[in-house]
Amino acid sequence: MVVAISISHFLISNSTFQLAELAVKQIYLDYNATTPVAPSVHEALEPFLLTHFGNPSSSHALGRAASEAIEDSRMQVAALLGVNREEIVFTSGGTDSNNLAIKGAMFAARAPGHLIISAIEHPAVVEPARFLERLGHEITMVPCQSNGVIDPDQVRRAIRPDTRLVSIMHSNNEIGTLQPIAEIATICRERNVLMHTDASQSVGKVPTNCMELGVDMLTVAGHKLYAPKGIGALYVREGIDLEPVLHGGDQENGMRAGTENTAFIVGLGQACKLVAGCIDQTVKRLADLRDRLHAEIERAIERPVPVNGGSANRLPNTLSIRMPGVIGYELLRRCPEIAASTGSACHSEVHSIPPILAALGLTSSQALETIRLSVGWYTSEDDISVAANAIANAWLTSLEIA
């Protein structure tokens, strides 16, 4: 049984998450890029770096201790997702999980087939699809609607007799729009097509019960839910045949070869245990902070601040806004006390229009006005007020320079 855990359990003594190594103390509003490792997660994994260092495949006591810890963690991940522990495969992160799901499903048939993804997917889905296309598989990209949400009927119409897999993200990493995964999964099940969802951005922020979603595979990225970078998981429904991407030993039931990263697996398990104990409370708290941040920015600059995808159901922590008349990355450059971004960290040095913003019908100038602010466990109400004022001041400075 999962014991309910108060959100206060996660908070460190100083409510503002400060980057101590920087000359300027920063308020961290980039939780969609990565999260800090929760203190109890660090505490749980540390012994497996220092003392319980055995190879999980070894038969001696140190090896058995590591193997048992991995299985305990597998149970914790499975509990959060509402699945059996045998259906959890540990990977190195979201990209690894997506590659295993997509390539593994398409390669399993031993012949070219048809894959459907959306036009707003993360590169960790788009690039494996492009790779498969070069090998002779056919790819269909379904567009999203003007609110940033995929129309399930578009997926239905795209399915062909040779379609093997549909992969649609659970939530968009840029603007936070939640996709109708359960409805799409129902369509896939009716047509005997596998359904995968990249839930890297969703797990830990909203409920992601695989049975309720009806998906065959689901991606988890540890560093998006207060576990370390370099660890993730893939839910694979029992009976799904995947061709491994990595070949070698028989770790992870032969689905992913390589000596397991015991310490980080333990960290991921602990993070999932924390999330499972407070997900409903987390959703409400993060949504309140997100909405207050938007309101305070509007109040500070005394004019409306448009929200990208604001008419759709969104992640509770994500605020993608357009700061009128200024370029987003220039505004953030003039706001060193805030750690935030204009969008996905995978595109942080590229100032072209992300596909999701183009799909919303934004002009180039409107898209360049965008900044993405994402709150998390360690964001305080004081942080919101300070951040709103800092952003407003940077906006005024940017206007004066322009």
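Visitor: Is serine 341 buried or exposed in this model?
Guide: The model is a predicted one. Serine 341 sits in the loop between strand S10 (338-339) and helix H12 (355-359). Buried means under 20% relative accessible area. Serine 341 has a relative accessible area of 12%, so the word for it is buried.

Visitor: How many residues of strand S3 are buried?
Guide: Strand S3 covers residues 114-118. His114, Ile116 and Ser118 point one way, while Leu115 and Ile117 point the other way, and all are buried. S3 is therefore largely enclosed by the rest of the structure, and the count of buried residues is five of the five.

Visitor: Do S3 and S4 pair in the parallel or the antiparallel sense?
Guide: Strands of a sheet pair through backbone hydrogen bonds, in either sense. S4 holds residues 138-142, and five bridges link it to S3. In this pair, serine 118 stands opposite valine 142. The sense of the S3 and S4 pairing is parallel.

Visitor: Which residue of S5 is the bridge partner of histidine 114?
Guide: S3 also runs parallel to strand S5 (residues 163-167), and four bridges join the two. In S5, the partner of histidine 114 is threonine 163.

Visitor: Which residue stands opposite methionine 217 in S8?
Guide: S8 pairs with S2 in the antiparallel sense over four bridges, with isoleucine 88 opposite tyrosine 235. S7 and S8 also run antiparallel, joined by five bridges. The residue of S8 opposite methionine 217 is valine 236.

Visitor: Which residues of S8 point the other way from Gly232, Leu234 and Val236?
Guide: Five of the five residues of S8 are buried, so this strand is largely enclosed by the rest of the structure. Gly232, Leu234 and Val236 point one way; those that point the other way are Ala233 and Tyr235.

Visitor: What is phi of tyrosine 226?
Guide: Tyrosine 226 belongs to the loop between S7 and S8. Its relative accessibility is 5%, so tyrosine 226 counts as buried. Its phi is positive although the residue is other than glycine, with a value near 75 degrees.

Visitor: What is the relative accessibility of glutamate 252?
Guide: Glutamate 252 is in the loop between S8 and H9. Its phi is near 55 degrees, a positive value in a residue other than glycine. Glutamate 252 counts as buried, at a relative accessibility of 8%.

Visitor: At roughly what angle do the axes of helices H3 and H9 cross?
Guide: H3 (residues 61-81) and H9 (residues 262-276) have axes that come within 8 Å. The crossing is left-handed. The two helices are therefore roughly parallel to each other, and the angle is roughly 30 degrees.

Visitor: Is the crossing of H10 and H14 left-handed or right-handed?
Guide: The axes of H10 (residues 279-301) and H14 (residues 381-401) come within 9 Å and cross at roughly 35 degrees. Residues making the contact include Leu289 and Leu293 of H10 and Ile384 and Trp395 of H14. The crossing is right-handed.

How values were computed: Residues are numbered from 1 along each chain as its sequence is written. This is a predicted model: local features need pLDDT of at least 70, side-chain atom pairs count only at pLDDT 80 or more; totals for chains, interfaces and linings use all residues. Side-chain values use heavy atoms; hydrogens and water are left out. Buried means under 20% relative accessible area, exposed over 50%, partly exposed in between (1.4 Å probe, protein chains only). Two strands pair if DSSP finds at least two bridges between them. Axes are lines fitted to C-alpha atoms, for helices over the stretch in contact, and angles run from 0 to 180 degrees between N-to-C directions. Angles under 35 degrees count as roughly parallel, over 145 as roughly antiparallel, 65 to 115 as roughly perpendicular and the rest as oblique. A crossing is left-handed if the near helix is turned anticlockwise from the far one by less than a right angle, and right-handed if clockwise. Contact means heavy atoms within 4.5 Å.
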